[in-house]
Amino acid sequence: MKRTRFNFENTYTSLPAAFFHLDSPTEFPNPQLVIVNHELAKSMSLDFSTLPDDQQAALFCGNLVPEGSEPFSQAYAGHQFGNFTMLGDGRAHMMGEHVTPNDERFDIQFKGSGPTPYSRRGDGLAAIGPMLREYIISEAMHALGIATTRSLAVVTTGKMVIRERPLPGAVMTRVASSHIRVGTFEFAAATQKPELLSAILEYTIKRHFPELKNSEMKALSLLRSVMERQICLMVNWMRVGFIHGVMNTDNMALSGESIDYGPCAFMNSYNPDQVFSSIDQHGRYAYSNQPKLAHWNLARLAEALLPLIDEDADKAEELAKEVLNEFDDSYQKERLTMMRQKLGLLGELESKEESDEKLISDLLEWMHKHGADFTNTFRDLSAATTPTGQHYDNEEFTRWHTRYTARRLEHGQSMEASIKCMQAVNPSVIPRNYIVEQALEEAESGDLSLMHELLAALKSPYDSNEKNEKFQTAPHPSDKAYQTYCGT
Ligand code: AMP
Ligand code: MG
């Protein structure tokens, strides 16, 4: 049976009071439904489709506080572009933890729902564009098979928000396995109250890593487990050319989900130094820097955890370093596996590490030199025939492709198996920046058709469906100069 109401529990508010502030979303003048993710609702045993639109709109902006809700905003801190700051939900309200009949627990959070005690100089609001953008990209990431927070609904509020120009305000309902961030631990550590740190450690283990419950080295084990999830996440981001754009420690979730889609964007032409965010002037969060920065963020988590790792500060540091030092090897191993899948390199692998790495780096170098589209190149290589035309008609590529074919045929591996492997990891449809922009522009002026069409195509990104062709075209000329903004 599907419920029209959330089945809320509120475990987060059993943490010490410093971790949150009870307060309610703003009352909005004229909420209007823009989109509800009925499929996601269904997967959580919920069904809002029987509620009239005005009730759904009131529900998803907070005017109608859902039954069982005890709204609050969360305290956290974070390193933003390397600098430590005390933060907190400045424009978000946690409405509750929805628990499904299978005992799965999801945070239901409103974003853009008005000021909170953590708003600092912000207005606590969000504009429609960035909220729909998060909706589109997070749903795309989910369909790509990448751990992510999701989007349940977007409503406009009837209240204009003032940015460079007045824009329609909106609230997005975010679904996350939790909102515990590296910055949540940094916050606890910064208070210098050991009981806060222990409380959030125990809570996180119970919620995300119950297998560590009886570990003798809980804090250290947590660090290792979080690191494993982050490595998996980074490998997946790199696989699809995703650039998060603002990997501050407050935007890294311990659950291993991608979170806080602000200035993120997908890479078109392959360029390891690609940056889209207007505020990332030094390329700190460039495409190829992401694993390194995840490692850096994990070091901040380790620092926060030190007092719980060992009473002896030197020993604690030594133990944390040992774990952090595993990052590089582990990441490189997983990355090689992923790149081999992208190229369908099967068969006996152990003796081929060096030559496979060379095959991969030569391809990437060629792609960079020719401005080849990241997504389409791997998709072209996943076809049964050798790619031709455009930049493929050159000797460098032909030579590389001859080596590649020889490698694929070694050890009698079948081409079909290789192709099948590639098509399962190389998407044909990604949310292309220029298409997302067009869909948002039209949505803002009231025409949602392109956005719905795009969302439908993004649901099965690995299918080669002719219907989706219009979403597969790389921008002409390249969108190297495309800029994203933090969406605040
Ligand atoms: P972000 O870079 O989007 O992760 O945001 C960084 C911090 O700024 C978070 O603590 C947000 O809650 C806060 N913030 C962002 N936009 C606003 C806003 N319009 N009003 C208040 N706080 C905001
Ligand atoms: Mg954030």
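**Exercise 1. Burial of helix 11**

Task: Is helix 11 mostly covered or mostly exposed, and which residues are buried?

Solution. Helix 11 is mostly covered, with seven of its eight residues buried. Buried means under 20% relative accessible area, exposed over 50%, and partly exposed in between, with a 1.4 Å probe and protein chains only. Helices are DSSP runs of H or I with at least four residues, strands are runs of E with at least two, and both are numbered from the N terminus. The buried set is Phe-374, Thr-375, Asn-376, Thr-377, Phe-378, Arg-379 and Leu-381. Next, find the cover. It includes helix 6, helix 9, helix 10, helix 12 (395–409) and helix 13 (415–425).

Two notes on the basis. This is a predicted model, where local features need pLDDT of at least 70, side-chain atom pairs count only at pLDDT 80 or more, and totals for chains, interfaces and linings use all residues. Residues are numbered from 1 along each chain as its sequence is written, chains are lettered from A and ligands numbered from 1 in the order in which they are written, and side-chain values use heavy atoms, without hydrogens and water.

**Exercise 2. Helix 9 against helix 11**

Task: At what angle do helix 9 and helix 11 pack, and which residues meet?

Solution. Start with the geometry. Helix 9 (residues 327–343) and helix 11 (residues 374–381) pack at about 60°, and their axes are 8 Å apart. Helix 9 is therefore oblique to helix 11. Angles under 35 degrees count as roughly parallel, over 145 as roughly antiparallel, 65 to 115 as roughly perpendicular, and the rest as oblique. Axes are lines fitted to C-alpha atoms, for helices over the stretch in contact, and angles run from 0 to 180 degrees between N-to-C directions.

Now list the contacts, meaning heavy atoms within 4.5 Å. Met-339, Lys-342 and Leu-343 of helix 9 meet Phe-374, Phe-378 and Leu-381 of helix 11. By class, this contact has five nonpolar, no polar and one charged residues.

**Exercise 3. The nonpolar cores**

Task: Which residues touch the most other members of the largest nonpolar core?

Solution. A nonpolar core is a set of buried Ala, Val, Leu, Ile, Met, Phe, Trp, Tyr and Cys residues joined through side-chain atoms within 4.5 Å. The largest has 93 residues, and Phe-185 and Leu-222 touch the most other members. Helix 6 (residues 218–240) gives the largest share, 13 residues. Take Leu-222 and leave aside neighbours within four places in sequence. Its contacts are Phe-185, Leu-201, Thr-204, Ile-205, Phe-209, Leu-212, Leu-254 and Leu-305. Another core, of 27 residues, lies apart, and Ala-41, Cys-61, Phe-110 and Ala-153 are among its members.

**Exercise 4. Cysteines**

Task: How many disulfides are there?

Solution. A disulfide needs a pair of cysteine sulfur atoms within 2.5 Å. By this rule the count is zero. Check Cys-421. Its sulfur is 16 Å from the closest cysteine sulfur, in Cys-232, so the pair is too far for a bond. Cys-421 counts as buried because its relative accessibility is 18%. Cys-61 is at 0%, so Cys-61 is buried too.

**Exercise 5. Two loop residues**

Task: Where are Asp-103 and Arg-120 placed?

Solution. Asp-103 is in the loop between strand 7 (92–99) and strand 8 (105–111). Its phi is near 70°, a positive value in a residue other than glycine. Asp-103 counts as exposed, at 64% relative accessibility. Arg-120 lies in the loop between strand 8 and helix 3 (128–143). Phi of Arg-120 is near 50°, positive in a non-glycine residue. Arg-120 is exposed, with a relative accessible area of 59%.

How values were computed:
Ala, Val, Leu, Ile, Met, Phe, Trp, Tyr, Cys and Pro count as nonpolar, Asp, Glu, Lys and Arg as charged, and the others, Gly among them, as polar.
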